[in-house]
Amino acid sequence: MDAAEFRRRGKEMVDYVADYVENIEKRQVYPDVEPGYLRPLIPDEAPEEAENYEDVVKDIERVIMPGVTHWHSPYFYAYFPTAQSFPAMLADMLSGAIGCIGFSWAASPACTELETVMLDWLGKMLKLPEDFLAGTGGKGGGVIQGTASEATLMVLLAARSKIVKLIQADHPDQSEADITSKLVAYTSDQAHSSVERAGLIGGVRMKKILSDDKFSVRGDALQRIIEEDRAKGLIPFFFCATLGTTPSCAFDAITELGPVCNAEKIWMHIDAAYAGSAFICPEFRPLLNGVEFADSFNFNPHKWLLVNFDCSTLWVRKRSDLIGAFKMEPLYLKHDHQESGLVTDYRHWQIPLGRRFRSLKLWFVFRMYGLKGLQAYIRKHIELAKEFESLLKADQRFEISADVVLALVCFRLKGSNELNETLLKRINSTRKIHLVPCQLADKFVLRFAVCARTTESRHIQEAWSHICHLASELLQELPH
């Protein structure tokens, strides 16, 4: 394919993508295929000779689309949203064309510098403390990770490295293995499984703290378990707070937890993967109060801020804590400006060496939506969730299982877990809408998350009508 054909084919692909997005609600939201459906549809081996582009494109609808879950359909209400916008798609095209591997400033100065500035822009939108911004002369800064899972692992490893160095400074006779065997980290019993997984990868025990009746961890619960563990000779070193838990979008009480962590000299990380986008709205910014106590903060613009996957933003109060844990300087990666203090080499801030030019997506989206446009988008989704909540409240057969703070509604039919499991199976088997469940206080609960950029009130009403119809059928089948 030469440049002339690329121009023609590129325009055709843009038309295909635009048609797909515009007409996505006409497609069945969840695929009707069985595991292994794809292999018989394509050859066993790659072709020896080049094929025609037309034949490749024909196979998109024949091979790929039958097995796609349409996350951007307005009938998709599962998990949490994954963001999508036309400006972000265009930025991804440009990133692919530039094709740099921005592991250091010298590897592509614009890739590094735009990321640093975009993380400052976004930090200011969130009204983060100046300590977390790079352009203030402070000691912190931001970096784009692939996912919140990576961000949590990075800061846990940084916290582990920091505590080991501090202890060895006072007790040079203690080995890293001895210290690590006594380390203990904490998180909520509502936290995402990736936090527990970070502990497994980091080789440290991770204890779950019981949440309260609002599914929130409180300061006294953390204080109590820290004291118990210190009495056992353990070394508490890390706490991961969650703002917007995956099951119910609950919020840990970071204004209570932060002072405990600071007093106990424990690294406090805040995971706001989903909810963080809402903090750009002044009315939801109080949910982030307490961030001033944190050592690190992370959320995913690729969930709810119109920036296509992957783009997970992480800020640290002291970048030296992160860099100090991972810095390696082989000769072939060194460059003339790295000791100047004026540049950042992001390879020291992440697990991989290579990194794509992801900040272009932030730059395009921030400029083409503006802060007001992004705020309006968040507010619209929350209004749609409130609309669904009001429909539930008007139907005595249902109960709401958790406070509706943002754009997630947790609900169930009044009755047994088995009843609700059956309802969810029937909802998903019809493939008109797609939901996933969670468990809250031993109850099987259905989650309804407003996800798609194109979701409107009529889609909420259609979803509710469908749920009601299936619920009525199910309840009529029960013995009276």
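**Figure 1. A nonpolar surface patch formed by Val-14, Leu-90 and Met-93.** In this predicted model, the three side chains make a patch of about 270 Å². One of the contributors, Met-93, is placed in helix H3, which covers residues 86-98. Met-93 has a relative accessible area of 46% and is therefore classed as partly exposed, since that class lies between the limits of 20% and 50%.

**Figure 2. A salt bridge between Asp-92 and Arg-356.** Side chains of opposite charge can pair when their charged atoms come close. Here the closest N and O atoms of Asp-92 and Arg-356 are 3.9 Å apart. Asp-92 belongs to helix H3, whereas Arg-356 is found in the loop between helix H11 (319-326) and helix H12 (359-393). The bridge thus links distant parts of the chain, with 264 residues separating the two partners. Asp-92 is partly exposed at 26% relative accessibility, and Arg-356 is partly exposed at 38%. Both residues also take part in a network of salt bridges, in which they are linked with Asp-310, Arg-358 and Lys-361.

**Figure 3. A salt bridge between Arg-218 and Glu-256.** In this pair, the closest N and O atoms are 2.4 Å apart. Arg-218 lies in the loop between strand E3 (205-209) and helix H8 (219-231), and Glu-256 lies in helix H9 (residues 254-263), so the bridge ties together parts that are 38 residues apart in sequence. Arg-218 counts as partly exposed, at 35% relative accessibility. Glu-256 also counts as partly exposed, at 30%.

**Figure 4. A salt bridge between Asp-229 and Lys-232.** The closest N and O atoms of the two residues are 4.0 Å apart. Lys-232, in contrast, is exposed, because its relative accessible area is 59%. The structure as a whole holds 30 salt bridges.

**Figure 5. A stacked aromatic pair, Phe-299 and Trp-315.** A pair of aromatic rings is described by the distance of the centres and the angle of the planes. For Phe-299 and Trp-315, the distance is 6.1 Å centre to centre and the angle between the planes is 5 degrees. Phe-299 is located in strand E6 (residues 296-299) and Trp-315 in strand E7 (residues 312-316). The two residues are 16 residues apart, and their pairing links distant parts of the chain. Phe-299 and Trp-315 are both buried. The structure holds 17 aromatic pairs, this one among them.

**Figure 6. An aromatic cluster and two arginine residues over aromatic rings.** Six residues form one aromatic cluster: Tyr-77, Phe-388, Phe-398, Phe-411, Phe-448 and Trp-464. Elsewhere in the list of ring contacts, Arg-447 lies over the face of Phe-80, at 4.8 Å from the ring centre. Arg-453 lies over the face of Phe-86, at 5.1 Å from the ring centre.

**Figure 7. The setting of the close-up views: the chain as a whole.** The secondary structure of the chain comprises 14 helices and eleven strands. The C-alpha atoms fill a box of roughly 70 × 70 × 45 Å along the principal axes. For 480 residues, a compact globule would have a radius of gyration near 23 Å, and the chain, at 24 Å, agrees with this value. Buried residues account for 52% of the 480 residues.

Methods. Residues are numbered from 1 along each chain as its sequence is written. This is a predicted model: local features need pLDDT of at least 70, side-chain atom pairs count only at pLDDT 80 or more; totals for chains, interfaces and linings use all residues. Side-chain values use heavy atoms; hydrogens and water are left out. Rings of Phe, Tyr and Trp (its six-membered ring) pair if their centres lie within 6.5 Å; planes under 30 degrees apart count as stacked, over 60 as edge-to-face and the rest as tilted. Helices (H or I, at least four residues) and strands (E, at least two) are DSSP runs, numbered from the N terminus. Buried means under 20% relative accessible area, exposed over 50%, partly exposed in between (1.4 Å probe, protein chains only). A charge sits over a ring if NZ of Lys or CZ of Arg is within 6 Å of the ring centre and within 35 degrees of the ring normal. Patches are made of residues with over 30% relative accessible area and no salt bridge: like charges are joined within 9 Å, nonpolar side chains (Val, Leu, Ile, Met, Phe, Trp, Tyr) within 5 Å. Accessible areas come from the Shrake-Rupley method with a 1.4 Å probe; for residues, only the protein chains shown count as cover. The radius of gyration is taken over C-alpha atoms; the globule rule is 2.2 Å times the number of residues to the power 0.38.
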